[in-house]
Amino acid sequence: MDMNRRSFGGLALGAVLSGPAISASALAAAPAPVAYPHRVVTLVTHSSPGGGSDVFLRELIRHLRKYINATFIIENVTGGSGARSITRVAAGKPDGSILYATTPTYIYASLMSRTPHTFRDLEPVVNLFTDSEIVYTRADGPFRTMKDVIYKAKTARGRWGAANPASLERQAAEELKRQAKVNAAIVSHEGGGDLMINVLNGTLDIGVGEIAETRAQLQGNKIRVLATFNPARLPSFPDVPTIKDLGYPVVMEKFRGLAGPKGMPANIIAIWEQAAQRVLADPDYKRAYENEALIPNYMAHDRYAPFIAKFADNTTQFLKQNGVIR
Amino acid sequence: MNEFLHGLQMLVSTPLVFVAIGGLVWGILGGAMPGLSASITMALLLPFTYTLEPSMAIVMLATCYIGAEYGGSIPAILVRTPGTNSAAATVLDGYEMKRQGRAGEALGISLWSGVIGSLFGLLMLMTLTEPLSRIALLFRPTTYCALGILGLSVIASLSGKSLLKGCIAAVLGMMVATIGTDPVDGVSRFTFGTADLLDGVAPIFAMVGLFAVSELMTRSGTSGTEIGRQEIRLRLPNFAMMKKLWPAQAIGCVFGTLEGLTPGGGGAIASFLAYNEAKRWSKNPERFGKGAEEGVAAPETANNTVASTALIPLLSFGIPGSNSAAVLLGGLLIHGLLPGPRLFEENTDVIGGLYVGSLVATIAQLAVGFLILPVCLWLVNRPRPYLAAFIFALVVSGIFTLNMALFDVGLVLAAGLVGYLLRSFGFPFLPAVLGLVLGELVESNYRRSLQLSGGDIGIFLEDPIAIGFLVAASLIVVGALVREWRDATSKRKVST
Amino acid sequence: MRKDLVASAVLLLVASLYYWATTDIPTTTLSDDIGPRGLPNVLSILLALLAIGLGARALLAAPVAAPEIEDDKEKEASTLRAFGLLLVGALYVPAAYALGYVPAIFLLVVAIAAYEGARVSWRLFAVAAGGAAIFWLLFVQALGIPQPDGVLLPSMFSEFRL
């Protein structure tokens, strides 16, 4: 079934970046972009326009064209909780003309249902970032540290929130609850905004979510960051401990990278590996992604593929253990 | 007010007027296509705004939202198909007016009510953003659950002849709402393993199927008796009519504001509640469903009010009040703008442009309506065979836009079959639509509430707003039962 | 009220099928007390009760059903007609899958208009062709929706952009 062969052309119209507006100094500093076998490269995401991965890709291609000589088009293939976008890419040619923006969603979508194609039909190419996943509470609430939160959940009953059901955040909260041996209700919501309201009005003790979804409240000092599930402390919050620092071995890596159809040639992958490293070092891009609290976490193809496989194994195990899937 | 003055200057210094009208026209066209909801229409426009100045981009998206909320009423009135979710309540009296040959009048009322709603919402946005934004924070899972129950209680007045059949239709709608990923636990329900159903059945699919497809089926082969005596002229309400409409519009403004502030239902709950209340407070409630002008005015005022008031929680917290506001949030983020209190301090051009642009669009709405509505009226007066063929073509094309899947086209045709069966067995559609729209809101928030309290239903008593909603809901239900009982006894008297 | 009795029976069947399908929903250790099966179970019972109520009312009210005299024959014909229309419309799905958007819309307009009684003449084909072109301009070109491509024909319409 390949009905979506034609790209989101009209949508892409505004996204076609053929290269004006690069300042002269940037041109002088940057080496010439590497030749690429395709004039147009389609980047597929399951996000709708304006959603998480869509915003990530749009910022990325603005800088990427300095390093790869091609025109990048973003195609939003929504629906089926992400399954449809996986099919779109898996059915594409494995020649580097089509790539997919990976996030844990593509693992979850593959595992939750019998989908025509799964993450196994895609070849992880490179990883670029780890999102900052945080535990936050309202600034004028009773919780000043993670210890307070755990203490309440030990002595009484905690009320914790995650942005979505069947998500990495939910999984992290459940594992923290298990490791800390506490009594907490873990309530899933319909997205980060819904969760934020219930944290702000005191319905929940804490929320677990991406930093990007909380930036408005962080800026207005309405919420306090208590901890991060990331493997290391966040550069923008050096005083905030990781959950691991607090003695609970729960680590969550919300990866953001690229994947292609199975069987991509090595020379194409090599171009992307090189370009990924160069774009991550680009000072303009650095400013943009640091502002979004994205943590650069470059992984080459030979490291990324096993990483995804292991991530999928862990997720499968978690979902099976809890009976979410059989 | 500073922002507003700044915005006025932008009228001459920037292409604000063109951008606002462009967004509006796009929105009306998209909203009028059955299948393209307001949020999809905005998402389609989003890429075109990348190249604009941030302030212009936001104006374009906001005016598109206004246009789409209005545009949804056009097919609701003319071909019995709500273009957007929130125009579903408009079908009842709007299409009935069209059947009576009063399409031009109905379109005029919905246009006028849309303008009133937009103006009121805009006034709220400009003057009361700060205090109103606090209301959004008062809504907890218990409150949402109660709001959903209040919405469901409206079934009583949408059921037509038989309350029992209305309830059955509502249950069927709620059953459809349970298809897809469980909102609390994330397991798949009734998806039969296919990924196509993971996101559930979008209410717009059910509506297009239930209304448009079943209408085409029912009228198949009829020569279209109502054609020929349609007036082709758009008629805005005269002064006497305006006076008659204002209470219904006031009700619409109140519910629209409330709904816009609370993330969740979009404009659909507001328009149903507004319809219900307008009927209850009307001097002639029996005219509702038979072409009452207020039956068009109340929901159309409500959903246009939502288009402006949904921006209040969005701009003050970055929390969208509807799917469409979520697209607008995406637009803000893409242009590097972060909603929140600082947006008002640091980006006066964005805020000012938004105020003035929305105002321009609201006024332009009247002019644009005058230009395009006669065309629409002319189109629906074509010979019936051609009209039916093109409505069908529009439906299958519009539905495809949501996910780009032929599966969805099949889903809509199946919904058409169900609609036809419901109709021939005398079941009303609107309770089914209501059940579908509200089922998940009620279920997920009820479960969340009990999760929070550890299974204690007493948590609802800690939430005064929820208590208020639940009391209102029970009053509506008791009132409907009393009416049903009274009707039944009086009928028995007549028959004996 | 024979119709209500039929409806009641059908709804009972729907309720039991739906209930049967709920047994397929996985139960998880992450579940809340109500769980993903909670509402579905309530709904199936509710529907069954309402359906029984409908049936009972129809039986009790049966003698009063005098004004419901309808020409059964004509009704049947129109039901057949209605289903026929749906069938013609449903052919759009395979047509779009095989031939692509523009030819499928052309065929859909011709078929439905003819079914609805338009005279099959050059005018019908001209209107359908014009309509397909307008739809293509509107959806593919203006709105930028990649409407379906046919698997049999080369994608000549949706690939091409103005």
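**View 1. Helices H5 and H6 of chain C meet side by side in this predicted model.** On the H5(C) side, the residues making contact are Tyr101(C), Val102(C), Ile105(C), Phe106(C), Val109(C), Val110(C), Ala113(C) and Ala114(C). Across from them, H6(C) brings in Leu124(C), Phe125(C), Ala128(C), Ala129(C), Ala132(C), Phe135(C), Trp136(C), Phe139(C) and Val140(C). Sort these residues by class and you get 17 nonpolar, no polar and no charged ones. H5(C) covers residues 101–115 and H6(C) covers residues 122–142, and their axes sit 8 Å apart at an angle of about 135 degrees.

View 2. What hand does the crossing of H1(C) and H2(C) have? It's left-handed. As for the classes of residue in this contact, there are 17 nonpolar, five polar and two charged.

**View 3. Chain C splits into two domains.** Domain 1 of chain C runs over 2–64, and domain 2 of chain C takes in 72–142. How many Å lie between the C-alpha centres of these two domains of chain C? The answer is 37 Å.

**View 4. In chain B, helix H3 lies against helix H17.** H3(B) is made of residues 38–45, while H17(B) is made of residues 323–334. Their axes come within 8 Å and cross at roughly 15 degrees. That's under 35 degrees, so H3(B) counts as roughly parallel to H17(B). H3(B) passes H17(B) in a right-handed crossing. If you want to find the contact, look for Ala38(B), Ser39(B), Met42(B) and Ala43(B) in H3(B). Their partners in H17(B) are Asn323(B), Ser324(B), Val327(B) and Leu328(B). By class, that gives five nonpolar residues, three polar ones and no charged ones.

View 5. The domain assignment builds domain 1 of chain A from two stretches, 9–131 and 254–321, and gives 133–228 to domain 2 of chain A. Their C-alpha centres are 29 Å apart. Which three residues supply more than any other three of the area that domain 1 of chain A buries against domain 2 of chain A? They're Tyr108(A), Lys254(A) and Phe318(A), and they supply 49% of it.

Definitions and conventions:
Residues numbered from 1 in each chain as written. Chains lettered and ligands numbered in written order. Predicted model: local features only at pLDDT ≥ 70, side-chain atom pairs only at ≥ 80, totals over all residues. Heavy atoms only, no water. Left-handed = near helix turned anticlockwise from the far one by under 90°. Helix = DSSP H or I, 4+ residues; strand = E, 2+ residues; numbered from the N terminus. Nonpolar A, V, L, I, M, F, W, Y, C, P; charged D, E, K, R; others polar. Domains from an automatic or database assignment. Buried area = accessible area lost by both parts, 1.4 Å probe. Axes fitted to C-alpha atoms, helices over the stretch in contact; angles between N-to-C directions. Parallel < 35°, antiparallel > 145°, perpendicular 65-115°, else oblique. Contact = heavy atoms within 4.5 Å.
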